[in-house]
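Here are a few exercises to work through with the model open in your viewer. Try each task before you read its solution.

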Amino acid sequence: MTSAAPAGQLRAEDVSFAYVGAARAALRHVNLAVAPGEVVLITGASGCGKSTLALALCGLIPARVHGELRGRVMFGSAPLSGMKPHEASQLVGMVFQNPNLQLINQTVQSEVAFGPENLALPQPEIAARVDWCLDVTGMSGMRTAAVVTLSGGQKQRTAIAATLAMQPRILVLDEPLSDLDPVGAQEVLSTLQRLARHGGTGVVVIEHRVDEVAPWADRVVLMDDGRVVLDQPPRAAWAEPGPWRATGVGIPDMVRLAHAVPEAFGSRLPLSLQEATDAVKDTWFEAALAAAAAERRSGAGQPAGRRNGRAADAAPAVGGGPPVLSWDGVSVEFDGKRAVDDVTLAVNEGEWVALIGANGSGKSTLTGLTVGLGKPSAGVVRFRGQPVRPGKVFDHAAQVALLLQAADDMLFETTVRKELEFGFRFRARPKEPVLDVPEAVEFFGFTGREEDSPWELSQGGRQRLALAALLVGAPGVLVLDEPTTGQDANHMRSFLQLLDRVRARTGITIVTVTHDIRGLASRAARVVLLGEGQVRADGPTSQVFAMSGDLIRWGVLAPPLARLQSELLGPAAGDVLLEVDELASTVLAHRPAGARAISPGTGALRS
Amino acid sequence: MMNSLPVQTIISYLLIFAVPMVLPVVFLKVVGLSGLRTLVTYEARDTPLHRLDPRLKVLYPIGMGILSILFTWKAMLVVFGLTILPWFWLRPSRAKIKVLMVMIIGPAIAGFWGQGLYYLPPPPIHFLYKFPWTMAWLGSPGITSYGMTFGLQQTSRVLVTVSTSMLILISTDVGDFTWAFERFRAPPHVGFALTAALRFLPEMITRVNLVFRAVELRGYDMSRPRWHQFNRWPDYARRLGRCVVLVTVPLLIGTLRGTTTMAMVADARGFGATKRRGSLRVHKTTAVDIWGYAILGVLVVGALVLNHLGIGARYYG
């Protein structure tokens with residue numbers, strides 16, 4: 001065990017922790033230090049112990065979460081592990097994943113004042129803290145707003161403000177971006193950076209979305225199986241992809257691209273889009289990219305919509321099959337406000353379509369109508385030409401399978417087998433099942449676990465089970481509402497592979513509602529952008545993601561690779577490449593003959 | 001024809017069961033689970049009612065409730081009027097008005113109708129419609145005008161408290177309630193419990209709604225039969241009952257997870273760290289407060305005086 005940490009430094013010293021009744025320890029000999037003003041990104045696969053470490057760092061382990069704790073957490077020379085939660089929270093504040101569960105009060109300012117009021121501080125001190133916290137989080141203009149009216153990003157910023165009101169020296173945030181659209185995520189990240197750079201607050205961000213956090217982080221910590229396997233500055237952390245591949249954790253796209261085309265980026269790994277653009281601007285890389293784009297525009301390349309990834313390869317071309325789902329002039333109103341505004345859209349047989357847009361843009365409302373959830377105030381929704389009747393969910397659920405974001409809410413039975421059989425207790429088994437129950441057990445990897453309780457499965461397992469249970473009903477369309485939210489790269493990859501296999505096996509039409517622009521949306525052959533309830537863009541994924549300006553206008557950021565191409569080529573980018581390997585091989589194939597290989601450490605080669 | 005026993009029996013059954021059957025249907029159609037969510041939601045606005053002293057807001061429904069019990073019917077109508085007027089001042093959202101109307105008028109009609117059927121004055125009884133023996137064996141000889149008037153009075157008394165409470169509920173941030181309770185020396189846990197309940201009740205209603213949708217999406221038949229499909233209603237009731245059992249597990253697990261997080265948040269924000277809490281709110285007494293206290297004072301003193309003089313007070317015994 002080491003000596004006391006320097007003043008203001010948070011330090012986990014050889015910390016191990018096992019939950020009550022758990023066979024394995026969730027944390028194993030963790031050593032970690034966080035200094036004031038430092039931004040530390042902690043990442044790792046689901047279940048690797050990140051959230052447990054967060055609870056230990058802010059003193060809620062062992063004060064409120066019970067188990068066997070070894071080692072200690074120190075703040076300066078004070079042992080945090082022995083403090084009461086309200087004492088520890090004035091040194092290390094914790095922002096939990098779901099802002100809805102941590103906003104207890106009804107208005108923004110009463111939420112922020114709650115902590116200081118509990119400490120019985122004098123009124124001027126409480127008012128000063130509330131003003132400062134709202135100011136630093138950019139929420140001053142909404143201080144009297146009701147919490148229920150806030151967007152996801154605003155709720156998360158309110159939760160941060162409320163935690164800051166305890167004046168912690170270090171802020172720990174557990175997956176603060178998981179429910180946010182890309183623009184909301186940027187709001188939160190810029191708030192955190194302001195706190196660290198100008199307020200001197202140490203910030204620990206636990207997050208799977210490494211692409212977005214990477215440019216802001218001073219250090220990156222990789223965890224695996226309860227241990228810290230890597231703790232370095234970002235460039236050093238991602239210099240060697242080995243540990244990341246071994247743990248199945250994602251690497252930022254710009255870093256992957258630099259690894260794939262080292263001669264273009266040199267020895268300095270780009271962590272952000274700006275760094276990558278600066279590195280390859282006016283180089284042979286840009287020239288090669290322009291040549292490839294020109295070739296695609298002239299038709300020499302592969303057709304759009306069939307190029308990006310396996311799903312696109314497996315899918316028919318856009319508009320290839322007859323319409324299976326259609327929305328004809330559909331509007332939906334809630335309390336006099338239009339959530340969906342005159343949408344006309346068709347999804348064809350066998351397509352994979354991604355609906356993207358900012359929080360509240362009407363995506364989930366639009367897809368809910370396909371199974372009779374909600375009632376259009378105007379227009380008609382059709383499944384294979386037949387109108388969908390509002391409220392008749394039971395009738396339409398056999399045709400359109402809707403997997404909710406909270407898949408846990410869709411499990412009702414005591415065993416895996418009963419869960420798969422659930423639907424057949426109320427309606428006849430399909431005459432031509434695309435996947436019967438025994439096949440589903442094998443296909444979705446439940447062999448040997450048929451009699452297990454669904455709650456004994458991992459989170460990913462429960463999501464697979466909910467999906468399998470919907471598919472045995474032989475629906476014509478699969479609608480997935482934010483299926484990859486909060487998932488690590490490995491889990492996301494497995495889920496996308498599973499969807500590919502389902503499509504290959506069943507040929508089913510898929511509609512996904514997603515904020516996951518980099519993963520899930522890029523996998524679809526076609527993307528529909530919704531903004532303020534209207535369709536703002538609709539086309540092949542590679543073309544829609546080339547419209548960076550339009551996407552930002554409607555609260556969406558295109559994938560980093562798409563933005564890089566748009567930054568370098570502007571409108572000439574045409575339809576963009578969305579896979580790192582594909583982009584790397586394309587630029588290498590179009591590399592001008594005179595371009596020289598770069599010497600390590602000399603920066604990008606100018607041609 | 002109208003005096004024949006079968007026709008009289010049919011009319012009687014319709015009269016007695018129409019209201020109890022129509023009200024739930026109206027509730028489901030107009031409000032539903034999602035509508036309930038808006039019932040207790042605070043509407044942030046800048047009206048004098050919003051700025052009123054929270055202590056007065058706590059006292060107001062209590063005072064009005066007591067007055068509604070003490071006064072005679074005619075005096076009570078004045079009190080009832082006083083609870084209605086502030087709604088025009090507050091101008092709630094249309095969604096809230098819709099829910100409020102159903103939630104207030106529904107029970108009012110039920111009370112009015114129920115008393116009309118079952119409250120029997122001393123003879124001679126004036127029946128608006130006398131039931132034949134085929135109906136009377138259920139316990140009601142018919143609908144009386146006296147019973148309906150009595151029902152209207154009783155319902156209005158309840159509505160005074162309900163209307164005032166709802167008025168206060170939607171115009172007051174829960175934090176202000178907590179502040180008021182603390183000024184009255186109530187334990188902070190009372191305020192916290194109220195805060196958490198009012199903040200999370202709409203969330204819970206949303207969640208229950210979501211899980212009921214999820215069970216339908218999994219292929220569970222929750223479709224309601226048409227009103228005339230009598231043979232299908234027992235099966236619907238059975239399916240509904242079974243569904244409640246099914247949704248319990250996900251609801252329970254979700255709720256337990258949520259409350260664990262909320263408890264940790266409350267701990268981390270220092271709840272319970274001190275016996276007395278501080279407050280962001282500094283309430284400066286305004287003209288509206290003075291008027292409010294004056295009205296409440298006049299009403300209370302007036303009630304005491306009128307009771308003492310035997311004017312306007314209810315006769316008991």
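**Exercise 1: the cores**

Of the 212 residues in the largest nonpolar core, the ones touching the most other members are A:Ala56, A:Leu57, A:Val92, A:Val172, A:Val204 and A:Val221. Such a core is a set of buried Ala, Val, Leu, Ile, Met, Phe, Trp, Tyr and Cys residues joined through C-beta atoms within 7 Å. Buried means that 20 or more other C-beta atoms lie within 10 Å of the residue's own, with exposed at 12 or fewer and partly exposed in between; C-beta atoms are placed from the backbone.

Before going on, note that this is a predicted model: local features need pLDDT of at least 70, side-chain atom pairs count only at pLDDT 80 or more, and totals for chains, interfaces and linings use all residues. Residues are numbered from 1 along each chain as its sequence is written, while chains are lettered from A and ligands numbered from 1 in the order in which they are written.

Task: list what A:Val221 touches, not counting residues up to four places away in sequence.

Solution. Step one: apply the contact cut-off, C-beta atoms (placed from the backbone) within 7 Å. Step two: read off A:Leu32, A:Val40, A:Leu41, A:Ile42, A:Val228, A:Leu230 and A:Asp231. Step three: look for another core apart from the largest one; it has 26 residues, including B:Tyr42 and B:Phe181.

**Exercise 2: the sheet**

Task: find the strand order of the four-stranded open sheet in chain A.

Solution. Step one: take strands as DSSP runs of E, at least two residues, numbered from the N terminus; helices are runs of H or I, at least four. Step two: call two strands paired if DSSP finds at least two bridges between them. The order comes out as β12-β11-β14-β15, with antiparallel pairing. Step three: pick the edges, β12 (337-348) and β15 (386-387) of chain A, each pairing on one side only. Step four: zoom in on β11 (residues 323-334) of chain A, which eight bridges join to β12(A). There, A:Val330 stands opposite A:Val343 in β12(A).

**Exercise 3: two domains**

Task: describe how domain 1 and domain 2 of chain B meet.

Solution. Step three: count contacts, with 13 residues of domain 1 of chain B against 14 residues of domain 2 of chain B. On the domain 1 side, α1 (5-39) and α3 (54-70) of chain B give two or more residues each.
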